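Visitor: I am new to this structure. Could you walk me through how to read it?

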Amino acid sequence: MGKFISRWRIGFLAFGIWTLLGVFFTFQAYLLHESAVKARPDLPTQSASISWLEMLRLSLAEVYTWAVIAPLIFFLGRRFPFVRSRWKLSLPIHMLACFFIAIAETIVSVLLNEWLRTNAPKPFLSTSVLVFYFLARFHQNLLFYWLILGVCQAVDYYRKYRERELRASQLQAQLVQAQLKMLKMQLHPHFLFNTLNAISALMYQDVELADRMIARLGELLRATLENADRQEIPLREELDFIEPYLEIEKARFGPRLSVTVSVDPETMNCLVPNMILQPLVENAIRHGVAPRQEPGCVEISAQRENGRLKLKVRDNGPGIAADAAPKAQSGLGLSNTRARLQQLYGPEHGLELSNGSHAGLEVSVSIPFHETLDEHELNSTADQNDIANTDR
């Protein structure tokens, strides 16, 4: 149905263009005719009289004749295109076609002229008249043929260009998706190994606590698999995902670790990269809490500022020395996060590391603020996913 409507639109557009050409040629021919009449006052009144409406009929008949011929020229243009490997064959074919089409169009024009001109003597249909019309109109017919053929070639080249551009953009999108998946997959074993090490350290100290940590790890893995194909998720889902990980780390460090979450409610539906917080929080715990015996604090905050989402993860650890900054930024978690942000947002993202005003390290992420689908669209998407899962 969509293709049918599209073809009708193209047909109406083509009809409008040909009609405008006919009106344009009407004005041109009428002005030339009036100029010729004024220049030759000795011409008989009957042979010189032609109305604007009659001139319009003749011009429209002319262009509509070419409109009927145009599909044939388009067919020949696509069948015999001017490409490097075929131009030697295409050129003589188009020259022959141009010649025969010029003859056919001349005959049709003479017949239409006999039929449509009612206010002037009709030309006598004879060989001499046909030869006169052919010689008078040959260059115009030649020009029309090659103009239509040029339009055909231009349309085909543009269509092929758009197809190549579309394929290139699809390949680029597929490449970006593959790179994002690869970067995200790098995070999975990274945080999994660290969590398993934390559980193994507790196995001989508190079996019950280790068991609870294994259960929370199972929740983490389940959430990871459910969101494997999603590059962006709402911030509220990202906070739900990070909660089991924080509980594992709290069980590991006990009272030495406290976590504060301060999130502006209006940011809960904002889309963020999947697993964006986990490496930042892990980095804060590993470098800001683990090396110290004193109680450590990790603060997660999110707020909207000037159409952007600001995510911050702070700790109260020793911070980062100036000479250690390059090494800190080249770690797997931060470098992976930076690469994912670059792939998703390009120059629209920001990732900064800075020492806090009193102590500790602050990692700040800035991305464009864009919200998730509304509830109706989410329900519709969930229904489609359920149908797809049922089909499988």
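Guide: Gladly. Keep in mind that this is a predicted model. We begin with one side chain. Glutamate 163 is partly exposed, with a relative accessible area of 35%.

Visitor: Which residue does the side chain of glutamate 163 meet in a salt bridge?

Guide: The general idea comes first. Side chains of opposite charge can pair when their charged atoms come close. Here, glutamate 163 pairs with arginine 159, at 3.5 Å from N to O. Arginine 159 is partly exposed too, with a relative accessible area of 36%.

Visitor: Why are glutamate 163 and arginine 159 separated by about one helical turn?

Guide: Because they sit four residues apart in helix H5, which covers residues 127–203.

Visitor: How many salt bridges does the structure hold?

Guide: Eight salt bridges. Another one joins glutamate 208 and arginine 212, with the closest N and O atoms 3.7 Å apart. These two are also four residues apart, in helix H6 (residues 207–226), so about one helical turn separates them. Glutamate 208 is exposed, at 56% relative accessible area. Arginine 212 is partly exposed, at 46%.

Visitor: Which salt bridge links distant parts of the chain?

Guide: Look at glutamate 348 and arginine 308. Their side chains meet at 3.8 Å, N to O. Glutamate 348 lies in the loop between helix H10 (332–345) and E6, while arginine 308 is in strand E5. The two are 40 residues apart. Glutamate 348 is partly exposed, with 44% relative accessibility.

Visitor: Now the strands. How do I read a sheet?

Guide: Strands of a sheet pair through backbone hydrogen bonds, either parallel or antiparallel.

Visitor: In which sense do E2 and E4 pair, parallel or antiparallel?

Guide: Parallel, over seven bridges, with E4 covering residues 296–305. To find a spot on this pairing, take serine 262: serine 301 in E4 stands opposite.

Visitor: What should I look for in the backbone angles?

Guide: Most residues other than glycine have a negative phi. Methionine 275 has a positive phi of about 65°, although it is not a glycine. Methionine 275 lies in the loop between strand E3 (271–273) and H8.

Visitor: Is methionine 275 buried or exposed?

Guide: Buried. Its relative accessible area is 2%, and buried means under 20%.

Visitor: What is the phi of asparagine 306?

Guide: Near 55°, again a positive value in a residue other than glycine. Asparagine 306 is found in the loop between E4 and E5. Asparagine 306 is exposed, with a relative accessible area of 82%. Methionine 275, as we saw, is buried.

Key:
Residues numbered from 1 in each chain as written. Predicted model: local features only at pLDDT ≥ 70, side-chain atom pairs only at ≥ 80, totals over all residues. Heavy atoms only, no water. Pairing = 2+ DSSP bridges. Salt bridge = Lys/Arg side-chain N within 4 Å of Asp/Glu carboxyl O. Buried < 20%, exposed > 50% of the residue type's maximum accessible area, 1.4 Å probe, protein only.
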